[in-house]
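Please view the sequence and the structure together before reading on.

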Amino acid sequence: MEERKQNSLVEGPVFGSLIRFAVPVLGALILQAAYGAVDLLVVGQFGDASSISAVGTGSTFMQMITYVIIGLAMGATVTIGQHIGEQKPEEAGNAVGTTVMLFVVMGIVLTVLLEVFAGNIVAVLQVPEASVTKTISYIRICSGGILVIIAYNVISSILRGVGNANLPLLFVGIACMVNIIGDLLLVGVFRMDVAGAAIATVAAQFVSVIASLLVLRRQRLPVAFSAKQCKIYSKELRMILNVGIPIALQEAMVQVSFLVINSIVNNMGLMPSAGYGVAQKLVTFIMLVPSSVMQSVSAFVAQNIGAGEKIRAKQGFYVAMITGCSVGIIIFSIGFFGGAQISSLFTNDAEVIAQSADYLRGFSADCILTCVLFSSIGYFNGCGKSIPVMVQGITSAFCIRIPVSIFVSRLPGASLALVGLATPITTVYGIIFFMICFAWVGYKKKLGN
């Protein structure tokens, strides 16, 4: 009975299957985004502009690392999902074991690199002088818990691969509550400022991982897995990396481009830097709908491709895109017309609020456009064809987003609204890119027939 419930992505109405899966995915993403948002909110109430800038820049960098981890873990989600669709639980278990070992090694390497080079990273990001020490502290504390961050995301990717999006929602909910309590205690009561916010974030995810391991011991999953399978299986490793590396590279390049924008904004002064930091936290929430669409489409398509249901997989893509865009229109309206109101949740500084709202006005159109782009990315990921995703991510980052951002930042009277426009312009390019990819796939099918 439990297996059927978790394998429901290949049966029943397409809209209902996607919604049942996507809603808890979205809920988990909202709560996960709340980590950094709560950090910034509490620091904004008890700290100054330098603290806001430090948390904004530091959390943006750590977000890049997390997105790379999620991108690579998507290889596990797709691989496990395809094995479940093929009804091969033992091979799915081998994929789980391979995933665990791969990410343990990755976590150790990342911890060492980030601890050693935190100062160099902050220098590259051109953090305002008043925020340098605080930003280094934030990155070092968070990177000290990178194994915990990896553990949470790997567990979530495995569960989504088997069609269970409810448990990741539960685990991240626990983490969010712990993080809020930790922030209020360490930042509000003990006045530990940026360091307290970072410690609270790592502690929250640690509690979440412990809770997830305890809950999973009582769960029956459609995977034949035991501790002896915690080793590298070459076949599963190839499948995971073939999908995961291009996605991870795509995510890395996209996030690097946003860090470059962060650096450009930092050069505009402390107030634009602080305003951009607030805006980026809001953007993180704004982008949750398309992100949940992408993850849901990836899992949905992977299971249905594995089960031989190619038409159903394509139907899921269209349903997700239309639904996401409908919600995106509402979010666009909030970001464009209510930027100042929602920015005021994070700080009382009128100038920081104005700078944040300015950026959101330029960015907001992306709320709708990205649902089209991310649905396409999810479809290609689910099919195991992540090379186009990688190419699109790299070219959009370095050929569109960064050059446009640099160009508009150097215009006379440049504002954050102009910098914000670089993102929707980049997304339009991505949509055109995938339209060409779909046309090419259709053309090849005709030639095959």
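By class, how many nonpolar, polar and charged residues does the lining of the second largest pocket have? The lining comprises seven nonpolar residues, one polar residue and four charged residues. The model discussed here is a predicted one.

## The second largest pocket

The second largest pocket holds about 280 Å³ of space. Its lining is formed by I305, K310, I311, K314, Y379, F380, C383, K385, F438, V441, G442 and K445.

Three helices each supply at least two residues of this lining: α12 (310-337), α15 (366-382) and α18 (422-448). The largest share, four residues, comes from α18.

## The largest pocket

In the largest pocket there is about 600 Å³ of space. Of the 22 residues that line this pocket, V100, I155, I158, L213 and L216 are the closest to its centre. The elements that give two or more residues to the lining are α4 (89-124), α6 (146-161) and α8 (193-216).

Helix α6 provides the largest share of the lining, with eight residues. By class, 21 lining residues are nonpolar and one is polar, while none is charged.

## Helix α15 and its partner α16

Helix α15, which supplies residues to the lining of the second largest pocket, also packs against helix α16 (residues 387-409). The angle between the two helices is about 145 degrees, and their axes lie 8 Å apart.

On the side of α15, the contact is made by L373, I377, F380 and N381. On the side of α16, P388, V389 and Q392 take part. Five residues of the contact are nonpolar and two are polar, with no charged residue present.

## Residue S376 in α15

Another residue of helix α15 is S376. Is S376 buried or exposed? S376 is buried, because its relative accessible area of 5% falls under the 20% cut-off for that class.

Which backbone oxygen does the side chain of S376 reach? The side chain of S376 reaches the backbone oxygen of V372, at 3.1 Å. Leaving aside residues up to four places away in sequence, S376 touches F317, F434 and F438.

Notes: Residues numbered from 1 in each chain as written. Predicted model: local features only at pLDDT ≥ 70, side-chain atom pairs only at ≥ 80, totals over all residues. Heavy atoms only, no water. 1 Å grid on protein atoms, 1.4 Å probe; cavity = no way out; pocket = protein on both sides within 12 Å on 5 of 7 lines; lining within 4 Å. Points joined across faces, edges and corners; volume = space filled by probe spheres on them. Nonpolar A, V, L, I, M, F, W, Y, C, P; charged D, E, K, R; others polar. Axes fitted to C-alpha atoms, helices over the stretch in contact; angles between N-to-C directions. Contact = heavy atoms within 4.5 Å. Buried < 20%, exposed > 50% of the residue type's maximum accessible area, 1.4 Å probe, protein only. Polar contact = N/O pair within 3.5 Å; in protein donor to acceptor, adjacent residues only side chain to side chain.
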